[in-house]
Amino acid sequence: QTFEKLLIANRGEIACRVIKTCKKMGIKTVAIHSDVDANAVHVKMADESVCVGPAPTSKSYLNMDAIMEVIRKTRAQAVSLNESICCSCFIYRKQKSQILLSSQASEGVTFIGPDTHAIQAMGDKIESKLLAKNAKVNTIPGFDGVVKDADEAVRIAREIGYPVMIKASAGGGGKGMRIAWDDEETREGFRFSSQEAASSFGDDRLLIEKFIDNPRHIEIQILADKHGNALWLNERECSIQRRNQKVVEEAPSTFLDPETRRAMGEQAVALAKAVKYSSAGTVEFLVDSSKNFYFLEMNTRLQVEHPVTECITGLDLVQEMIRVAKGYPLRHKQADIPINGWAVECRVYAEDPYKSFGLPSIGKLSQYQEPLHVPSVRVDSGIQQGSDISIYYDPMISKLITYGSNRAEALKRMEEALDNYVIRGVAHNISLLREVIIHPRFVQGDISTKFLPEVYPDGFKGHKLTDLERRELLATAASLYVAEQLRSQRFLGTPRIPIAKSKRRSWELSVRLGDGIYPVAVSKDGSSFSVEVDGMKLNVTSEWNLASPLLSVTIDGTQRTIQRISRNASGETNIQFLGTVYKLQILTKVAAELSKYMPEKAEEDTSSILRSPMPGTVVAVSVKPGDTVSEGQEICVIEAMKMQNSMIAAKTGKV
């Protein structure tokens with residue numbers, strides 16, 4: 001027996017994840033939500049729900065007064081918190097000059113997660129580094145105090161030696177972090193990081209440490225109880241990142257040998273015991289190419305990537321956290337923790353991967369279908385068809401996890417799952433995720449936190465088609481066009497005289513793809529099409545269920561799952577093929593010949609306009625009308641999804 005009722009002070013997929021385990025354990029749940037989240041999935045899943053304020057996080061999900069009121073009103077016995085709320089607890093406690101948690105404990109409320117002293121010690125990057133040193137954990141060389149101003153930042157950076165990492169003491173999720181390679185970048189990094197830290201965490205303290213070039217980001221999951229027992233549950237490889245935020249994670253890591261794994265695990269447990277940690281937590285390390293590892297930070301919460309650990313160990317981490325909070329000892333010994341198979345997680349975001357590996361996108365999910373029919377797939381999401389992705393919260397759509405007996409099997413399933421994932425209404429990063437997991441360097445396990453900028457130095461451009469793949473795409477698009485023509489000629493249940501005298505058997509088409517125009521000949525052969533492209537014949541078969549968002553097509557024996565995203569009357573169609581959306585125009589030979597007489601629409605000159613690449617809030621404007629600006633000069637700062645972005649002039653001119 002644990003708790004009868006649990007309040008979940010969170011939103012989105014993690015709130016849904018906690019509710020699933022609570023249902024399994026027979027615990028009633030209370031969801032809190034902001035006014036824009038009234039119809040959110042986590043609200044529908046919970047037994048009760050209460051609105052705690054307007055959309056901005058600080059006024060709703062981090063509004064401690066409102067949350068405390070809900071706890072009293074609903075008589076919840078336990079509260080599952082997110083890390084920001086734990087931080088707010090301290091701020092709230094200081095403001096109210098009362099020990100919030102213990103005063104609540106007297107009312108019989110248990111907080112699911114570690115004790116406050118552990119959260120405080122580990123949530124502060126400065127204090128946690130000192131504690132790690134004392135617990136004999138390997139740490140990164142750097143400055144352990146608080147940096148006062150930009151001049152001091154430059155002095156310290158020179159002492160440590162460039163490159164350096166400037167980061168918020170209370171930070172997390174890549175917010176308030178900047179890498180500086182020289183004095184000027186240090187000054188700029190100090191300014192942006194302290195502003196981001198203040199707006200995200202209400203704490204602008206920064207520290208500086210040596211930046212380890214080309215490391216891997218490997219973390220150890222730990223689980224500890226209130227009786228002094230602690231376990232390490234193997235590692236997660238989280239090196240594929242953009243802007244210090246993880247994109248693809250896997251467990252175990254291809255890089256670690258059993259000795260390094262054990263050494264990292266034992267240091268993680270030593271640190272947990274040093275702060276009397278109880279609950280699930282994660283100790284993050286940077287690992288260089290010689291397998292030297294350095295403590296980075298400890299996350300005192302359940303992390304986004306916890307499902308890959310659950311897949312290979314068979315533990316339900318939320319259930320373990322609830323049991324520990326109730327005071328039960330751990331059920332497992334270190335020797336019981338296995339590594340069974342391999343798990344990979346892709347973070348599916350509503351963002352445009354073609355803009356600096358992912359700038360946020362907003363909108364309504366007009367169509368949404370998770371690939372749950374693919375074997376060994378798990379999807380942790382907090383949205384459904386019709387949900388809104390808004391500017392107020394993280395743009396994550398879901399965590400897509402696949403599992404296999406080995407890495408190759410897990411990756412093959414991930415490829416299939418990404419192809420079968422239907423997301424319409426917002427831009428999404430499936431094309432990038434699919435390219436990463438099939439990239440030869442990733443498949444070999446040759447990765448570091450620099451993977452994306454190294455593999456795509458000019459930015460991500462989508463899948464590059466081989467000649468064979470290009471022919472497959474052209475043949476598929478032409479077959480799809482003909483299948484549609486044939487469908488539109490059939491009349492059901494009417495004694496009409498057929499319009500077409502004889503059944504047509506062949507079509508001459510012209511298909512435009514990118515800069516090329518390709519003649520394509522299609523002939524119908526039973527239920528399949530024979531298509532001639534570049535003088536080669538391809539055989540294309542499918543059910544041609546044109547109403548389905550997913551189309552399974554077999555081209556010369558190769559099965560592909562494609563999606564037709566859109567089409568219009570002028571023959572233009574967008575097809576998602578191998579994860580990337582391609583724009584094609586399919587015309588009959590006659591129409592193609594006549595199209596050269598159509599006037600071209602002139603492109604708009606946008607070089608003299610500054611357009612924000614994503615929705616957000618303007619937090620600072622550095623110029624005024626009449627100012628002369630030079631190319632590359634900052635015009636304004638836009639905050640989107642809690643990150644600050646500097647907008648610069650594309651050319652020299654006058655405002």
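**Entry 1: the model and its domains**

I am working from a predicted model.

**Entry 2: domain 2 against domain 3**

I then checked this pair. I found 13 residues of domain 2 in contact with 20 residues of domain 3. The size of an interface is often given as accessible area lost when the parts come together. For domain 2 and domain 3 the buried area is about 1300 Å², with 46% of it on carbon and sulfur atoms. Which residues of domain 2 lose the most area to domain 3? I got Lys 125, Ile 126 and Asn 244, which together make up 46% of what the domain 2 side buries.

**Entry 3: H1 with H12**

I turned to helix pairs. Two packed helices are described by the angle between their axes and the distance between the axes. Helix H1 (residues 12-25) packs on helix H12 (residues 317-326) at about 65 degrees, and the axes are 9 Å apart. H1 and H12 are therefore roughly perpendicular. Their crossing is right-handed. From H1, I listed Arg 17, Val 18, Thr 21, Cys 22, Lys 24 and Met 25. They meet Leu 317, Val 318, Gln 319 and Ile 322 of H12. By class, I have 6 nonpolar, 2 polar and 2 charged residues in the contact of H1 with H12.

**Entry 4: H8 with H9**

Helix H8 (residues 150-160) and helix H9 (residues 183-201) came next. Their packing angle is about 135 degrees, with 9 Å between the axes. That angle makes H8 oblique to H9. The crossing is right-handed. H8 brings Ala 150, Asp 151, Ala 153, Val 154, Ala 157 and Arg 158 to the contact, and H9 brings Asp 183, Thr 186, Arg 187 and Phe 190. The contact of H8 with H9 has 5 nonpolar, 1 polar and 4 charged residues.

**Entry 5: H13 with H14**

Helix H13 (residues 407-419) packs with helix H14 (residues 430-438) at about 160 degrees, and their axes are 10 Å apart. That makes H13 roughly antiparallel to H14. Is this crossing left-handed or right-handed? I have H13 and H14 down as left-handed. Leu 411, Met 414, Glu 415, Leu 418 and Asp 419 of H13 meet Ile 430, Leu 433, Arg 434, Ile 437 and Ile 438 of H14. In the contact of H13 with H14 I have 7 nonpolar, no polar and 3 charged residues.

**Entry 6: backbone exceptions**

Most residues other than glycine have a negative phi, and most peptide bonds are trans. I looked for exceptions. Tyr 162 and Pro 163 are joined by a cis peptide bond, with omega about -5 degrees. Pro 163 sits in the loop between H8 and strand E7 (164-172). Ala 251 and Pro 252 are also joined by a cis peptide bond, with omega about -5 degrees. Where is Pro 252 found? I placed Pro 252 in the loop between strand E12 (245-251) and helix H10 (258-274). Phe 357 is not a glycine, yet has a positive phi of about 60 degrees. I found Phe 357 in the loop between strand E16 (351-352) and strand E17 (359-360).

How values were computed
Residues are numbered from 1 along each chain as its sequence is written. This is a predicted model: local features need pLDDT of at least 70, side-chain atom pairs count only at pLDDT 80 or more; totals for chains, interfaces and linings use all residues. Side-chain values use heavy atoms; hydrogens and water are left out. Axes are lines fitted to C-alpha atoms, for helices over the stretch in contact, and angles run from 0 to 180 degrees between N-to-C directions. Helices (H or I, at least four residues) and strands (E, at least two) are DSSP runs, numbered from the N terminus. Angles under 35 degrees count as roughly parallel, over 145 as roughly antiparallel, 65 to 115 as roughly perpendicular and the rest as oblique. A crossing is left-handed if the near helix is turned anticlockwise from the far one by less than a right angle, and right-handed if clockwise. Contact means heavy atoms within 4.5 Å. Ala, Val, Leu, Ile, Met, Phe, Trp, Tyr, Cys and Pro count as nonpolar, Asp, Glu, Lys and Arg as charged, and the others, Gly among them, as polar. Buried area is the accessible area (1.4 Å probe) that two parts lose on being put together, summed over both.
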